[in-house]
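Please look over the model shown here.

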Amino acid sequence: MQSINKNGTWELTTLPPGQKPIGLKWVFKLNRNSEVKVIKHRARLVAKGYVQKEGIDFEEVFAPVARLDTIKLILAMAANRGWQVHHLDVKSTFLNGQLEEEVYVTQLDGFVKEGKEQKVYKLSKALYGLRQAPRAWNVMLDRSLKKLEFSKCANEPAVYTRGVGKSRVVLGVYVDDLIVTREDSAEIEVFKKQMTSEFEMSDLGLLLFYLGIEVNQ
């Protein structure tokens, strides 16, 4: 809830005529490491996006993610060249996505504003569960990476590069997980600082475990 309020995700308002608010619910999850030990307990507020209708509540939903073969190729390339691979995670990912559509959600049980029980929230940012949320986040990320002078790979839209030759930085995107590699690790640190100025990030350091793949560096 702090992340939602900090991000300016919504504002309390009166539901306009003809609009129908979407319900909310909590989803709980355990994060595990490569040894299957629980390392984090997570609670995520999710919109009941299954009630949304295409053409009425949303238009575009597609958002690319790197294929597993692509991730393996990046890791193989880095290993062959002796490059380090670093891992970054975007916090509260979908809350960064700007919504183009007009979307309203109900107030959440336990967080209803006293004296304003009949009001709803109008979303300006996406919530998990919305059908258009992955698309909204990807558009925002793509815009930010291009601002940092990255180019999208023509054959793999979840891979970005910046620079040429020995100065090239390679970035793989899997929703909110970013892996970045380059010959000079100092340039990777520059990239990390640039990304933390754009989004709230977790720097996970050297990549050790990713999409079921254990990585030894």
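The report takes up the sheet, then the pockets, then a single residue.

This is a predicted model, in which local features need pLDDT of at least 70, side-chain atom pairs count only at pLDDT 80 or more, and totals for chains, interfaces and linings use all residues. Residues are numbered from 1 along each chain as its sequence is written, and side-chain values use heavy atoms, with hydrogens and water left out.

**Sheet**

An open sheet is formed by 6 strands in the order β7-β8-β9-β10-β4-β11, with antiparallel pairing. Because β7 (151–152) and β11 stand at the edges with a single partner strand each, one side of each has no neighbour in the sheet. Strands here are DSSP E runs of at least two residues, helices are H or I runs of at least four, and both are numbered from the N terminus; two strands pair if DSSP finds at least two bridges between them. β4 pairs with β10 (residues 177–182) in the antiparallel sense over 6 bridges. His86 has Val180 in β10 as its bridge partner. Helix α2 (residues 68–81) packs on the sheet and touches β4, β8 (159–162), β9 (169–174) and β10, and its direction makes about 30 degrees with that of β10. Touching, or contact, means heavy atoms within 4.5 Å; axes are lines fitted to C-alpha atoms, for helices over the stretch in contact, and angles run from 0 to 180 degrees between N-to-C directions.

**Pockets**

β3 gives the most to the lining of the largest pocket, with 6 residues. Elements that each supply at least two residues of this lining include α1 (2–6), β2 (24–32) and β4 (84–90).

**Val105**

Val105 is found in strand β5 (residues 98–105). At 0% relative accessibility Val105 counts as buried, a term for under 20% relative accessible area, with exposed over 50% and partly exposed in between (1.4 Å probe, protein chains only). Leaving aside neighbours within four places in sequence, the contacts of Val105 include Trp10, Pro21, Ile22 and Leu127. Val105 and Gly23 are 82 residues apart in sequence, yet 5.8 Å apart in space, C-alpha to C-alpha.
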